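Try each task before reading its solution.

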Amino acid sequence: MSYSFSLDDVAFLRSRHGEKALQTVSGLELSASSMIADVPEVRSRYAPHDAALIETVRCRRRAAVKLRAADDLLVNDDALQQATASAVAADRTAEIAGRFPGAVVHDVTCSIGAELRELVRSNGIAGVIGSDLDVVRLAMARHNVPAATLLNADALTPTSTADVVLADPARRSDAGRVFRLDQLTPPLLELMTTYSGRVLIVKCAPGLDHMMLRNRFGFDGEVQITSLDGGVREACLWSGPGVEPGRRATVLRTRGGVVTRFEITDRESDDVDAGDVGEWIVDPDGAIVRAGLVRHYAHRFGLWQLDPQIAYLTGDYVPAGARGFRVVEQTGVTEKALRKALTAHDCGPLEILVRGLDVDPDRLRKKLKLKGSQPMSVVLTRIGRKGAAFVCEPGVRF
Ligand SMILES: C[S@@+](CC[C@H](N)C(=O)[O-])C[C@H]1O[C@@H](n2cnc3c(N)ncnc32)[C@H](O)[C@@H]1O
């Protein structure tokens with residue numbers, strides 16, 4: 001359970017006394033086993049701000065994997081979970097600066113300012129405004145992003161004439177995670193109505209049904225699905241003047257602190273055939289699958305499909321960044337056929353990938369009771385109406 005800061009806590013944490021207290025508390029272990037001693041110590045010295053100090057230090061430690069320069073941030077657990085990862089926010093910032101040079105950008109649900117921190121670093125963006133309904137988060141943003149203009153405002157009441165409006169509605173209510181578009185705060189369709197005719201970028205959950213948004217609600221902008229290091233992070237909706245309808249997948253990877261990116265769009269050819277399995281089975285990045293761009297990706301990289309309806313690809317090599325499985329043999333999908341083939345290869349630990357068949361990988365793994373020593377993978381899928389199983393070497397990320 002996240003500690004909710006008060007305005008008084010934030011004022012303390014930003015004061016000189018608070019800064020020194022943070023330094024002292026950051027020297028403590030604050031682990032599950034040390035808390036029994038750490039909490040009374042911090043309380044005796046810094047009550048009533050002891051909980052805020054501990055929450056800040058623990059969240060800064062956790063934030064380091066997600067947010068750049070996290071050791072000076074004011075952040076609590078809820079805000080951290082909701083924050084956009086710096087690599088994703090920096091990529092969006094670069095794109096806004098490239099597409100709308102010299103723009104003023106207004107983040108109308110800025111929270112503690114994780115997106116704003118990247119926007120203010122860009123030379124291509126002329127001004128940055130942040131607003132939020134939550135005054136405590138705004139006070140934290142004031143510390144985290146002193147260069148932004150910050151307002152306490154409802155996103156559904158326009159408060160600026162910024163060239164680009166950015167929104168990231170909350171996907172949680174008191175009852176937990178929400179999935180319906182009208183349960184987002186602020187609700188997606190109301191945001192779109194409020195900013196109609198202006199450039200609007202809305203960050204949504206990666207599982208957003210963007211086809212339904214187009215077909216049922218007439219969304220005519222661009223859908224961008226972004227992944228970071230193999231995990232799909234978000235579906236982002238771009239709309240307004242200068243934005244063409246379309247779909248694209250943005251695949252970001254971090255290597256030694258450097259972020260690389262590549263993109264596939266629906267403007268590319270998707271002319272690929274289905275055919276026999278090649279040396280490798282390629283499992284495309286989740287952003288490509290969610291954006292419905294598997295065939296476009298296959299065309300670009302000279303791969304082909306096993307079946308026109310299934311997202312597994314095959315080929316004689318694996319494109320950089322993708323996960324590939326070198327095929328050892330094709331077998332039947334029955335438990336008996338799989339056990340026989342896998343036992344013949346001395347299979348022990350087994351990764352099971354499934355698309356197009358109703359198979360629960362965990363249950364199947366238990367039933368197979370493999371006792372060998374070799375780690376292997378098996379790809380279960382459907383080719384036409386028939387199930388097919390490919391026994392493979394363990395998956396490798398290229
Ligand atoms: C998912 S968080 C945004 C996180 C932010 N993009 C970041 O990276 O730190 C959503 C924010 O929207 C704010 N919010 C919810 N409804 C709002 C509204 N009607 N107007 C302004 N802000 C709102 C919440 O207070 C919350 O801080």
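Contact here means heavy atoms within 4.5 Å. Keep in mind that this is a predicted model.

**Exercise 1. Surroundings of glutamate 222**

Task: Decide whether glutamate 222 is buried or exposed, and find which side chains are joined to the side chain of glutamate 222 by polar contacts.

Solution: 
1. Begin with the location: glutamate 222 lies in strand 8, residues 222–228.
2. Next, check the accessibility. Buried means under 20% relative accessible area; glutamate 222 has 4%, so this residue is buried.
3. Now list the neighbours, leaving out residues up to four places away in sequence: glutamate 222 touches Arg99, Cys236, Leu237, Trp238, Val243, Glu244, Pro245, Gly246 and Arg248.
4. Finally, look for polar contacts between side chains. Arginine 99 is joined to glutamate 222 at 3.1 Å, and arginine 248 is joined to glutamate 222 at 2.7 Å.

**Exercise 2. Strand 2 and its partners**

Task: Work out how strand 2 pairs with strand 1 and with strand 3, and what handedness the β-α-β units have.

Solution: 
1. Locate strand 2 at residues 125–132, where 7 of the 8 residues are buried.
2. Turn to strand 1 (residues 103–107): it runs parallel to strand 2, with 5 bridges between them. Valine 104 faces glycine 127 across this pairing.
3. On to strand 3 (residues 149–152), which is also parallel to strand 2, through 4 bridges. Here glycine 130 is opposite leucine 150.

Conventions
Residues numbered from 1 in each chain as written. Predicted model: local features only at pLDDT ≥ 70, side-chain atom pairs only at ≥ 80, totals over all residues. Heavy atoms only, no water. Buried < 20%, exposed > 50% of the residue type's maximum accessible area, 1.4 Å probe, protein only. Helix = DSSP H or I, 4+ residues; strand = E, 2+ residues; numbered from the N terminus. Pairing = 2+ DSSP bridges. Right-handed = clockwise from strand over helix to strand, strands pointing away. Polar contact = N/O pair within 3.5 Å; in protein donor to acceptor, adjacent residues only side chain to side chain.
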